[in-house]
Amino acid sequence: MNQIIMTTFSYFDVGQNEPERFYHGFVLGLIADQTDIYEIRSNRESGFARYDVMMIPKIKETKKYPAIIMEFKVRNIKREESLEDTVQTALTQIKEKCYDAELYDRGLKKEEIHHYGFAFEGKKVLIG
């Protein structure tokens, strides 16, 4: 992802006005061709808030295709010292807001769900 961003995006693309929305749309574009395997949902309510992206496997064999929850965060320099801190903020939000609730309701187990925090700062990205 970093290679694509460095060679394709302009600083103006990810600039000051709502960079999280820009990256959100970019990631949705990257995963759009997975609709034969996953139900892809964006900005839907689950638990106590709205997750950014959820990928729900259409195939019952979830060991091959786990459910995925993604949370995007732009680094807040007042609260976070590094992109690693921002990734942790995103992962903590997934847990604290109980974004897994919809997946549990569908019968998935904790071990069948993967969480990913995306941290952005200008053209820098860290995924954890």
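The exercises below work through a predicted model of one protein.

Residues are numbered from 1 along each chain as its sequence is written. Because the model is predicted, local features need pLDDT of at least 70 and side-chain atom pairs count only at pLDDT 80 or more, while totals for chains, interfaces and linings use all residues, and side-chain values use heavy atoms, with hydrogens and water left out.

**Exercise 1. The whole chain**

Task: State how many helices and strands the protein has, and in what pattern they follow along the sequence.

Solution: 
- Step 1. Helices are DSSP runs of H or I with at least four residues, and strands are runs of E with at least two, numbered from the N terminus.
- Step 2. On this basis the protein has 4 helices and 7 strands.
- Step 3. Along the sequence they follow the pattern α-α-β-β-β-β-β-α-α-β-β.
- Step 4. Of the 128 residues, 41% are buried (buried is under 20% relative accessible area, exposed over 50%, partly exposed in between, with a 1.4 Å probe and protein chains only).

**Exercise 2. Strand β5 and its partners**

Task: Find which strands pair with β5, and in which sense.

Solution: 
- Step 1. Two strands pair if DSSP finds at least two bridges between them.
- Step 2. β4 (53-57) and β5 (67-74) run antiparallel and are joined by 3 bridges. V53 has M70 in β5 as its bridge partner.
- Step 3. With β6 (residues 113-121), β5 pairs in the parallel sense over 8 bridges. Here V74 has F120 in β6 as its bridge partner.
- Step 4. As for cover, 7 of the 8 residues of β5 are buried.

**Exercise 3. Two residues compared**

Task: Describe where K60 and I40 are placed and say whether each is buried, partly exposed or exposed.

Solution: 
- Step 1. K60 is in the loop between β4 and β5. Its relative accessible area is 80%, so K60 is exposed.
- Step 2. I40 is in strand β1 (residues 38-42). I40 is partly exposed because its relative accessible area is 25%.
- Step 3. A contact means heavy atoms within 4.5 Å. Not counting residues up to four places away in sequence, I40 touches L28, I31, A32, Q34, T35, V53, M54 and M55.
- Step 4. For one of these, M54, the C-alpha atom is separated from that of I40 by 5.9 Å.
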